[in-house]
Amino acid sequence: MSVLRNLESKLAGLVEGTFSRAFKSEVRPVEIARKLAREMEQHKVASLSRTYAPNEYVVWLSPQDREQFEGYEAELRREPDPRRRGARVRVGGRTSVVGSGGAVLGRSREADIQVDDANVSRRHAELRPSGASWTVRDLGSTNGVKVNGRRIQGAQSLKTGDTITLGTSDIVFELE
């Protein structure tokens, strides 16, 4: 399977590089985020009980590209506000942090949290903050969503320690 993943990665890099050289355009935040996520994935290190990945990066931009981010720079540099509560989701031995904007869970590379399970839809479910708590909602998946073993309809409130099941994968939800 790693051979196919490696081939896919090489093809994606080739296509991205070719298009970026052929069609010069401004840099978009989502492009930077994807490249940072790819960099993190490529440099992760697994120990017996955890997976570690770099968590500090330096992004170099041309002066023209940097100009377009001037309005966002202070916000991007700022540390997260401790009053904003995020969530952590443990799946397949790794922990993912979900910011206050929520996250889409699924098999797709476009999902915020990728679940490597053939029984999971590309865009299976979403986690969203709701007041002081969080909810999970099925996004029309084929196999549905379960919370603590019970299939949900619509949005379901979550509490620390709840187990969300997508396909055959269990995800443990925790509040920060």
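## Strand pairing and nonpolar core

Strands E7 and E8 run antiparallel and are joined by 6 bridges. The model described here is predicted. Within this pairing, Glu-126 has Arg-137 in E8 as its bridge partner.

E7 and E8 belong to an open sheet of 5 strands, ordered E6-E5-E7-E8-E11, with mixed pairing. Strand E6 (113-114) and strand E11 (155-158) are at the edges and have a single partner strand each, so one side of each is left without a neighbour in the sheet.

Further antiparallel pairings involve E12. E9 and E12 are joined by 3 bridges, and Val-145 stands opposite Leu-166 in E12. E12 also pairs with E13 in the antiparallel sense, over 4 bridges; here Ile-164 is opposite Ile-171 in E13. The hairpin of E12 and E13 has 2 residues between the strands, and Gly-167 in this hairpin takes a positive phi near 60°.

| Strands | Bridges | Sense |
|---|---|---|
| E7 and E8 | 6 bridges | antiparallel |
| E9 and E12 | 3 bridges | antiparallel |
| E12 and E13 | 4 bridges | antiparallel |

In soluble globular proteins, nonpolar side chains tend to be buried together. The largest nonpolar core of this chain has 22 residues, and those touching the most other members are Val-98, Leu-127, Val-136, Ile-164, Leu-166 and Ile-171. At least two residues of this core come from each of strands E3 (87-91), E5 (103-106), E7 (125-130), E8 (133-138), E9 (145-147), E12 (163-166) and E13 (169-175).

Leu-127 can be followed in more detail. Apart from neighbours within four places in sequence, Leu-127 is in contact with Val-89, Val-98, Gly-102, Ala-103, Leu-105, Trp-134, Thr-135, Val-136, Leu-158 and Ile-164.

The ring centres of Trp-134 and Phe-173 are 6.4 Å apart and the planes are at 55°, so the pair is tilted. Because Trp-134 lies in strand E8 and Phe-173 in strand E13, the pair ties together parts that are 39 residues apart in sequence. Trp-134 and Phe-173 are both buried.

For the chain as a whole, the secondary structure comes to 4 helices and 13 strands. Of its 176 residues, 27% count as buried. The chain exposes about 12,900 Å², of which carbon and sulfur atoms supply 51%. Among contacts with a separation of 6 or more, 37% are between residues 24 or more positions apart.

Technical notes:
Residues are numbered from 1 along each chain as its sequence is written. This is a predicted model: local features need pLDDT of at least 70, side-chain atom pairs count only at pLDDT 80 or more; totals for chains, interfaces and linings use all residues. Side-chain values use heavy atoms; hydrogens and water are left out. A nonpolar core is a set of buried Ala, Val, Leu, Ile, Met, Phe, Trp, Tyr and Cys residues joined through side-chain atoms within 4.5 Å. Buried means under 20% relative accessible area, exposed over 50%, partly exposed in between (1.4 Å probe, protein chains only). Contact means heavy atoms within 4.5 Å. Accessible areas come from the Shrake-Rupley method with a 1.4 Å probe; for residues, only the protein chains shown count as cover. Rings of Phe, Tyr and Trp (its six-membered ring) pair if their centres lie within 6.5 Å; planes under 30 degrees apart count as stacked, over 60 as edge-to-face and the rest as tilted. Two strands pair if DSSP finds at least two bridges between them.
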